[in-house]
Amino acid sequence: MAAEHAAMADLKARGWQVLLHRARTRWGEIDLVALHGNCLVFVEVKARPSLLAAGEAIRPGQVSRIMNAARYLCAANPDWVYDSIRFDVCAVLPGNTIEWIPDAFRQF
C-alpha cells in the first residue's frame, strides 16, 4: 500500500490526474488509473528490490486480468475522455526510489 501511495504522489507531482486507486473489478484490481494528457494509463505498482525484479513479477495471467479489468473500467466510465490507452509498471525500489516502465505491455 505504501508503494501505491508513493506512485500516486509521483504521478500527481508530474501533473497527472489520478482517476482511481485500487480499482476493483471481477477480474481483479488495478492499482492506479490516471490520465496523462489524452492518454488513459493503467498502472501496476510493484515494490521490489530492482527494476528487473519488478518487470519479472508481471506474469502473462496477470496481464490478461489487468487488460480485462481495464476494458470493464472503460465501459463503466463513459465520461472518461482519452485518445489512447497504455499500461505502465511503476517499480518502487529500496529507498523509495520510483522507476517507471511506460507502455510495459500492450494488447495486440
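## Salt bridges

Six salt bridges are counted in this predicted model, a salt bridge being a side-chain nitrogen of Lys or Arg within 4 Å of a carboxyl oxygen of Asp or Glu. Among them is the pair Glu 29 and Arg 24, with 3.4 Å between the closest N and O atoms. Arg 24 is exposed, with a relative accessible area of 60%, whereas Glu 29, at 25%, is partly exposed; here buried means under 20% relative accessible area, exposed over 50%, and partly exposed in between, with a 1.4 Å probe and protein chains only.

The side chains of Glu 44 and Lys 46 also meet in a salt bridge, at 3.4 Å from N to O, and both residues are buried. Asp 88 pairs with Arg 86 at 2.7 Å, N to O, and Asp 88 is buried, with 1% relative accessibility. Through shared partners, salt bridges join Glu 4, Arg 22, Arg 24 and Glu 29 into one network.

Ala 91 lies in strand E4, residues 84–93, where a strand is a DSSP run of E of at least two residues, numbered from the N terminus. Ala 91 is buried, at 0% relative accessibility. Beyond its neighbours within four places in sequence, Ala 91 is in contact (heavy atoms within 4.5 Å) with Lys 46, Leu 51, Ala 54, Thr 97, Ile 98 and Glu 99. Ala 7 is 84 residues from Ala 91 in sequence, with 8.4 Å from C-alpha to C-alpha.

## Basis of the values

Residues are numbered from 1 along each chain as its sequence is written, and side-chain values use heavy atoms, leaving out hydrogens and water. Because the model is predicted, local features need pLDDT of at least 70 and side-chain atom pairs count only at pLDDT 80 or more, while totals for chains, interfaces and linings use all residues.

How values were computed. Helices (H or I, at least four residues) and strands (E, at least two) are DSSP runs, numbered from the N terminus.
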